[in-house]
Amino acid sequence: MNTNLLAAIINSTIRSTTPVLLAALGSAICSQVGVFNIALEGQILFGSFVAIIANHYTANVYIAVLAGVLAGALVAAFVSVLQVKYKAADMVIGTSLNLLVSGLTSILLFTLLGVKGSYSSPDLVMLPKINLPIIKDVPFLGRMLENLTFIDYAAYLIAVLIFIYLYKTISGFHVQSVGQNIKAANSLGIKSLRIQMWTVIASGALCGLGGAVLSMGQVILFTENMSAGRGFIAMASASVGMNHPLFVMISSLFFGFCQAIGVAMQNTIPSQLTLATPYIGTVIALAIFGRRSASK
Amino acid sequence: MSKVKANLHYIWKVLRQPLIATAIGLMAGVVFILFTGKDPIQVYGIMFEKSFFKPYYLTQTLTRATPIIICGIATAIAWRAGYINIGVEGQMISGAFAATIFAIHNPIQGLLGLILSMIVGMTVGALYASIVSVLNMKFQASIVICTLMLNYVASYIASYMSAYPFRDPAGDGLSLMTRQIPDSVHFPILWKDTTFNLGIVIAVLVVVGFLFVSNRMIFGYESKMTGLNPNFAKYGGVLQNKVMLKTMALSGAVAALAGMCEIFGYKYRYLDGMFTSASYAWTGLMAALIANLHPIGILFSAIFLSGLQVGGQAIQRTSSIPIQMSTVIQSSITLFVSVKLGFQFFKKTGIFKPKEVKPEGGGEE
């Protein structure tokens with residue numbers, strides 16, 4: 001195999017993995033505290049949208065990222081209040097919020113920017129590309145890590161940090177105990193409800209970050225429903241990774257790889273079939289690893 | 001006298017929540033319409049006039065409601081048994097596409113040809129849903145995620161099929177679609193010069209059929225029991241895998257029927273993205289949620305939601321408010337329906353029991 005092509009595929013895998021990984025970490029921490037959050041899709045989409053809107057008005061990419069994070073957290077706040085606090089049915093809240101965000105972004109896109117369908121403009125600022133000083137001149141490695149954004153690196157750092165928090169600190173053990181046995185946790189004086197609510201909001205922030213990199217990383221645009229099922233792929237990824245941050249990292253890379261392969265085959269196979277690759281890959285991965293992660 | 005009062009009380013109790021939620025949803029709509037700088041009363045006026053109050057638009061509303069009603073029932077069949085099938089869209093696409101291709105290439109014409117096509121379509125829809133049952137049975141793969149993933153797969157594969165092997169050679173370069181199905185297998189039009197066709201009758205029959213199966217047949221009972229309390233059903237000798245296979249297959253077959261009604265009654269061919277862009281399956285899901293999965297309720301809520309969409313199209317034409325306004329109103333309604341559902345129906349039945357409800361004395365303390 002052509003090494004240049006291989007490096008390009010790895011590069012593309014890393015880029016496609018980032019949004020899925022961030023959302024999958026969000027899904028994993030929700031599962032860790034026993035909340036089944038299926039509004040990830042809406043959280044990602046709203047993050048992408050608000051990031052682009054903030055970018056349009058401020059022309060500052062960092063404010064845009066922050067706005068995306070907050071937007072994801074806002075959608076999650078609804079989940080947190082309605083589903084966790086008031087015990088509404090998870091599937092109903094999740095599907096309603098996903099559809100609400102999908103409709104709302106289209107309307108806001110039209111009212112704020114006057115366009116329908118999608119928005120892009122040369123005035124929007126992309127996330128800066130990082131080319132590491134020495135590594136960029138190493139032949140294979142340089143191509144592999146070419147033009148990544150800081151969020152691409154941050155995603156893995158976040159995964160490690162979540163791992164350290166959940167598995168190496170006392171406070172993290174408390175959080176885990178909520179998911180394992182909420183009654184026992186309560187009896188120890190752990191404020192389970194509060195932990196569950198904040199965890200859901202944190203998952204929204206992670207999805208929002210994923211959304212921001214989706215609309216400002218590889219491309220700079222927003223299109224209707226641009227999250228395209230990534231929230232659900234992330235759920236699959238978290239479940240395959242048994243909700244463990246480090247395993248989730250590996251499983252998310254697999255989903256990123258499916259996407260990258262789809263893109264790489266685009267010239268030889270009709271795009272309709274290559275576009276289906278990540279979804280078929282998800283189903284196959286669930287079938288292979290589902291047994292081990294039969295928690296939900 | 002008191003019986004009448006009791007009945008009225010019961011009806012009020014059942015309808016109260018959906019009606020409150022609908023009011024809240026419409027109010028949310030007011031906020032968003034104000035945000036777009038339009039007059040909400042005028043917008044709602046146009047919306048309801050051009051969906052329910054003019055005969056021509058009413059037939060359009062009912063035509064559009066047909067697949068939505070059937071998708072709602074397909075959703076309810078699976079959800080009632082506790083199998084969260086959100087892949088109605090994929091089952092609809094695969095089944096209806098197969099039926100269309102069969103109808104085009106099948107030499108048998110007329111009613112028999114139509115019936116054969118429908119059997120083919122429903123079988124394919126049922127098989128497509130069964131993929132997930134098998135994955136769940138053999139590998140414990142999540143039904144929610146698998147059904148959703150297969151939506152995308154079905155949609156892209158049908159898109160490929162209508163772009164390459166089965167493309168209409170007469171069509172222009174831009175439109176991806178199959179050839180038309182022969183005239184002899186079209187559904188009869190019930191009202192001349194409108195789109196009002198046999199489909200709506202089929203939709204009503206599906207509603208009645210679902211009522212019959214769930215109230216009068218063993219399979220319906222087993223399916224319902226599995227949803228209400230899987231352990232009780234298991235104890236009562238219900239074979240869960242068998243119930244899941246049957247329930248999911250039925251759900252998929254009904255979903256395929258929804259797509260076929262749209263093609264054989266209205267569009268007469270498969271156009272790329274025809275079901276996804278109209279989001280019939282998701283609207284059907286919302287209708288099922290508003291109606292608390294009750295078939296009669298689904299019939300009415302589906303017609304209501306269809307009216308919102310037809311009215312939404314009218315608004316888009318006259319005042320340039322995007323059609324997605326109706327999605328926002330619809331999902332606001334379901335959002336608020338569910339909040340109360342959490343308290344009442346679901347808490348009582350335990351289909352979606354809140355996570356921390358575990359048997360008493362679970363803690364070892």
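Tutor: Welcome! The globule rule is 2.2 Å times the number of residues to the power 0.38. Keep it in mind as we look at this predicted model.

Student: What makes the radius of gyration of chain B agree with that of a compact globule?

Tutor: Chain B has 365 residues, so the rule gives a value near 21 Å for a compact globule, and the chain has 21 Å, which agrees. Its C-alpha atoms fill a box of roughly 75 × 55 × 45 Å along the principal axes.

Student: How many helices and strands does chain B have?

Tutor: There are 15 helices and zero strands in chain B. Buried residues make up 55% of this chain, where buried means under 20% relative accessible area.

Student: Now the aromatic rings. Why is the pair A:Phe49 and A:Phe222 called edge-to-face?

Tutor: Two values matter here. A pair of aromatic rings is described by the distance of the centres and the angle of the planes. The centres of A:Phe49 and A:Phe222 lie 5.1 Å apart, within the 6.5 Å limit, so the rings pair. Their planes stand at 70 degrees, over the cut-off of 60, and therefore the pair is edge-to-face.

Student: Which parts of chain A does the pair link?

Tutor: Distant ones: A:Phe49 is in helix 2 (residues 40-58) and A:Phe222 in strand 2 (residues 222-223), 173 residues apart.

Student: Are A:Phe49 and A:Phe222 buried or exposed?

Tutor: Both A:Phe49 and A:Phe222 are buried. Over all chains, the structure holds 16 aromatic pairs. In chain B, one aromatic cluster is formed by B:Phe97, B:Phe166, B:Tyr270, B:Phe275 and B:Tyr280.

Notes. Residues are numbered from 1 along each chain as its sequence is written. Chains are lettered from A and ligands numbered from 1 in the order in which they are written. This is a predicted model: local features need pLDDT of at least 70, side-chain atom pairs count only at pLDDT 80 or more; totals for chains, interfaces and linings use all residues. Side-chain values use heavy atoms; hydrogens and water are left out. Helices (H or I, at least four residues) and strands (E, at least two) are DSSP runs, numbered from the N terminus. Buried means under 20% relative accessible area, exposed over 50%, partly exposed in between (1.4 Å probe, protein chains only). Rings of Phe, Tyr and Trp (its six-membered ring) pair if their centres lie within 6.5 Å; planes under 30 degrees apart count as stacked, over 60 as edge-to-face and the rest as tilted.
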